[in-house]
Each structure stands twice: as C-alpha cells, then as structure tokens.
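The sequence and structure come first.

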Amino acid sequence: MTGPSTQLLIDGALAAGGAGVFLTINPATEEPLGVAADADAADLDRAIAAARSAFDSSGWCRDTALRVHCLGQLRDALNDEIETLREITIAEAGAPRSLTFRGQLQTPVDDLEFPAATAERYPWRVDLGVAAPMGISTARTMVREPFGVVGAITPWNFPHQVTFAKLGPALAAGNTVVLKPAPDTPWCAAEVGRIIAEKTDFPPGVVNIVTASDHRIGARLAEDPRVDVVSFTGSTATGRSVMTAAAQTIKKVFLELGGKSAFVVLDDADLTAACTAAASTVAMHAGQGCALTTRLLVPRECYGEALDAVSAAMSRVPVGDPSDPKTLCGPLISGKQRDRVQSYLDLAIAEGGMFACGGGRPAGLERGFYLEPTVIAGLTNDARVAREEIFGPVLVVLAHDGDADALRIANDSPYGLSATVFGTEDRAALVASRLRAGTVNVNGGTWYCADVPFGGYKQSGIGREMGLAGFEEYLETKVIATAVRGS
C-alpha cells in the first residue's frame with residue numbers, strides 16, 4: 001500500500017525525523033509496508049518544549065470551549081478518513097477487519113465525544129462552604145486544574161483505542177501532550193498527527209506526536225522534568241522501568257499493564273456456551289490483548305468435557321488474512337513476538353502440559369507471523385504458562401474444586417486486570433464480588449464503554465483509563481481558603 005504520513009507533529013507543524021526513517025512491516029506477509037519518520041532525542045526535546053510552552057503560555061488550559069471544539073473537529077475529521085485509517089490499521093497492526101468496526105478503530109474514534117462532553121459539564125470549582133478552623137472564619141473552594149504536560153506512551157496491539165483513551169481525557173482536561181507510539185505501529189499515530197495539523201484548530205504545541213524506532217525516546221518522557229504526567233500502557237516489566245524513571249522527578253504516573261485474567265466456569269453454568277465464549281475471546285486479534293481471559297477455570301468433574309468443548313471452539317476460529325472480514329485471529333505483530341509465544345508453547349510441554357489443540361503454525365499460512373489458537377491442558381496454576389502473560393492465542397485450562405477453590409486460583413496471580421464468571425446469576429455475582437480484578441464480565445456482559453473506567457489491581461497497573469475516573473487522572477486538586485472579614 002502507499003505509505004501514509006512519514007512526518008512527526010511538533011509545535012503544530014509536520015516535520016521529518018532527525019534520525020531519518022525506519023521500516024514498518026506487514027505482519028500478515030512479513031513484507032515492508034513503507035517507512036515512518038524516525039525521531040531522535042533533539043526531536044523529542046523540541047516536542048516537550050512545545051508542549052510546555054503551549055501549556056504555560058497559551059490559554060488552552062483555561063479555555064474549555066476551545067478544547068471541546070477541537071476534540072469535536074478531531075472526531076469528525078477522523079470519521080471523514082476512517083476508511084484510510086482502517087486499511088492502515090489492518091496492514092500495520094494486523095488487526096482483523098471486523099475489529100476495526102469496534103474497539104480497534106471506530107468505537108474509540110466515536111468515544112472522543114465522552115471526554116469533550118465531560119469537560120463541558122464538569123464542576124471545575126466546588127464551593128466547600130464556610131467554616132472556622134482554628135477560629136478563623138474561612139470560605140473554602142476546591143478547584144480542579146490540569147497537571148500540565150502529559151507524556152503518553154502507547155502500545156501496538158490496540159493503537160487507536162489506547163491513543164484516544166489517553167489523548168481524549170488529557171486534552172479535554174486542559175493538558176498538553178507528547179505522544180510516543182510503539183515503533184511497530186507508527187503509521188497509525190502519524191496519520192492522526194497529520195489530521196490534527198491539517199484539519200483541526202488545536203493550537204501549536206498542544207498535541208505533539210513523535211514516532212521513533214528507539215524505545216529510549218519514550219523512556220526520556222518519564223525522566224524529563226518538564227513532563228508532569230507519564231501515561232503508559234504496555235508490559236508490566238516496562239511499567240516498572242517507567243515508574244522508576246518518573247520517581248526521579250516525583251511525577252504522576254498512570255500505568256495500564258499486563259494481565260493473566262481468569263475465566264471462571266461454575267458447575268451450574270452452560271459449559272458449552274462458556275467454553276465457546278472463552279475460545280473466541282482469547283483468539284481475538286491473535287490473543288494480543290492485556291484484558292483477555294487466558295486462564296479457563298472449569299469444575300474438575302467436567303474437565304475432559306470442557307477440554308473437548310473449548311478445543312472444538314478454538315479449532316473453528318477463523319485464522320488468516322486480517323483483511324478478510326471473516327478473520328478473527330490474524331497474525332502476531334512481529335517475528336520477535338511469534339518466537340516469544342512459541343517459547344511459551346515449548347515451555348508448556350517442558351512443564352508437563354499437552355496441547356488439546358493447536359501448538360504450531362496454521363496449515364497453509366507459510367508467510368506471516370501466525371500461530372494456531374492453542375489450548376494447553378494438564379497443568380496447575382503453579383506453571384509458568386498459567387502465571388505469566390503470553391500475549392498470544394493461547395488458553396490454559398485449569399481444574400477447580402468448587403466456587404471457593406475457583407476464587408483461590410483466580411486470585412492467585414500477580415495480576416488483576418480483568419475476569420469473567422459464568423454461572424447462575426446469584427452465584428456468579430457473589431464470585432464476581434470476590435475477584436481481585438478491575439473489570440469483571442458476568443455471563444457475557446460487556447464492561448468496555450466510554451463511560452466505564454478501565455484498569456487493574458496489583459501488578460496490572462495504577463489508575464484508571466476512560467470514564468469519569470479516567471478524566472480525573474489528568475487533573476490536579478487545589479483548595480483556595482479565603483478569610484471572611486467582618487464575621
């Protein structure tokens with residue numbers, strides 16, 4: 001395909017990368033797609049300086065109407081070019097076409113309306129009334145204000161969803177942003193930069209987008225004292241590094257990290273329906289989602305039946321070309337990621353497990369970073385493949401001995417991002433209330449929505465994205481206390 005924007009967005013202008021360009025690869029074919037602008041440290045420095053100046057010297061942080069206007073323009077402009085963005089997302093991220101009509105593209109674009117509407121109705125100043133602490137009559141006002149410059153570091157798996165989940169609330173709250181996308185999906189972000197520069201009224205420096213092949217460019221955002229907030233989505237290991245770097249300047253950190261989420265099936269659930277749902281969930285986008293339920297916990301007495309059901313469902317998952325509307329499981333993002341997932345499949349056998357289905361490259365797909373949807377059986381929750389995030393179309397099936405045991409296993413994880421429970425309503429609700437996870441799906445319910453906060457417990461992260469809670473992640477709290485004279 002013809003390459004889209006190969007430019008950075010810095011201080012309102014499109015610019016070449018100081019380090020030249022780097023290749024972006026089609027994961028479905030392993031062939032180069034084209035090139036993207038490759039930023040260097042000087043480019044990042046200019047972007048941070050522009051964001052700092054736009055926050056400190058322009059009226060952006062105080063003009064709610066302008067912010068709402070610009071976000072509305074962005075949403076409309078993205079929708080005007082949605083088909084171009086769709087083809088880029090399919091080619092560069094390997095995203096199945098069907099998913100681009102939902103969480104991979106269309107839904108997050110439309111969801112930009114939520115932070116804009118939130119900014120319009122938000123109580124920026126709250127009267128706390130008059131009191132007399134220490135005998136001094138005082139009128140108190142609580143004021144919510146933007147932090148300043150936000151450094152946003154985004155992953156490759158859902159590039160638009162995560163980008164807009166950060167840009168929308170950060171900008172609506174009055175911050176300025178420097179966005180560093182993953183080097184695997186630079187075009188997705190660069191096209192957003194072009195659209196902002198050409199089709200919106202965002203003041204110069206409010207949004208800066210810096211694509212780079214060097215991961216160190218993103219790390220500098222966490223270190224730079226001019227950046228007030230670092231908002232990172234990615235692996236837990238990288239999140240620790242971001243947190244360590246940010247600690248040097250005591251800046252606010254938002255982290256949305258890994259998961260090893262449990263799909264709990266109770267003994268009164270529809271086993272076939274549960275297993276079908278588990279298979280389609282973990283195979284979606286080749287299992288490249290942090291909140292996907294990658295551990296299936298089933299009653300021990302029906303373990304064999306569950307293995308048969310989930311394996312049959314996994315074997316029916318359409319695997320192949322992501323441009324095909326029927327495909328649910330496309331390629332992994334890169335050869336490096338495919339090799340990483342394959343190493344976990346090898347580990348599963350070494351740990352004493354077996355493949356109930358899958359375990360290798362799909363037949364007929366000799367090119368592309370593909371792996372079969374795979375079900376691993378015969379292991380316990382102590383196995384590494386049951387505890388570590390694999391980030392591929394791999395499901396580990398574990399046996400439990402009743403509701404209490406299922407809860408024990410589900411919560412026995414360093415992560416706590418998401419979970420699912422299938423069973424009769426009252427029992428499923430009770431189990432859901434005791435799961436240590438940020439989101440829980442009961443009997444097929446959907447928690448993903450613009451007004452719903454998303455985030456995890458434990459090592460799955462800090463803070464919440466989306467919803468009112470996600471908007472408030474980008475706000476400081478100030479209290480103004482004024483002495484009341486003559487009282």
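## Domain interface

Three salt bridges are found by the rule across the interface of domain 1 and domain 2; a salt bridge here is a side-chain nitrogen of Lys or Arg within 4 Å of a carboxyl oxygen of Asp or Glu. Arg367 forms a salt bridge with Glu30, with 4.0 Å between the closest N and O atoms.

The model is predicted: local features need pLDDT of at least 70 and side-chain atom pairs count only at pLDDT 80 or more, while totals for chains, interfaces and linings use all residues. Residues are numbered from 1 along each chain as its sequence is written, and side-chain values use heavy atoms, with hydrogens and water left out.

## Domain layout

The domain assignment of the protein chain, with bounds from an automatic or database source, gives domain 1 as 8-257 + 460-480 and domain 2 as 262-442. Taken over C-alpha atoms, the centres of domain 1 and domain 2 are separated by 31 Å. The contact (heavy atoms within 4.5 Å) takes 27 residues from domain 1 and 29 residues from domain 2.

About 2,200 Å² is buried between domain 1 and domain 2, and carbon and sulfur atoms give 59% of that area. Buried area is the accessible area (1.4 Å probe) that two parts lose on being put together, summed over both. On the domain 1 side, Glu30, Trp156 and Ser460 lose the most area to domain 2, together 26% of what that side buries.

## Annotated site

An unreviewed UniProt entry places the feature "active site" at Glu256; such positions are given in the numbering used here, feature names are shortened, and annotations may be inferred rather than shown by experiment. Glu256 lies in strand β11 (residues 252-256). Strands (E, at least two residues) are DSSP runs, numbered from the N terminus.

Glu256 counts as buried because its relative accessibility is 4%, the limit for buried being under 20% relative accessible area (1.4 Å probe, protein chains only). Apart from neighbours within four places in sequence, Glu256 contacts Phe232, Thr233, Gly234, Cys290, Leu417, Phe454 and Ser460.

## Strand pairing around β6

Two strands pair if DSSP finds at least two bridges between them. Strand β5 (residues 125-131) is antiparallel to strand β6 (residues 138-146), over six bridges, and Ala131 stands opposite Thr138 in β6. β5 and β6 form a hairpin with six residues between them, and Met134 in the turn has a positive phi of about 55°.

β6 also pairs with strand β22 (residues 475-483), in the antiparallel sense over nine bridges. There, Thr138 stands opposite Ala483 in β22.

Definitions and conventions:
Helix = DSSP H or I, 4+ residues; strand = E, 2+ residues; numbered from the N terminus. Buried < 20%, exposed > 50% of the residue type's maximum accessible area, 1.4 Å probe, protein only.
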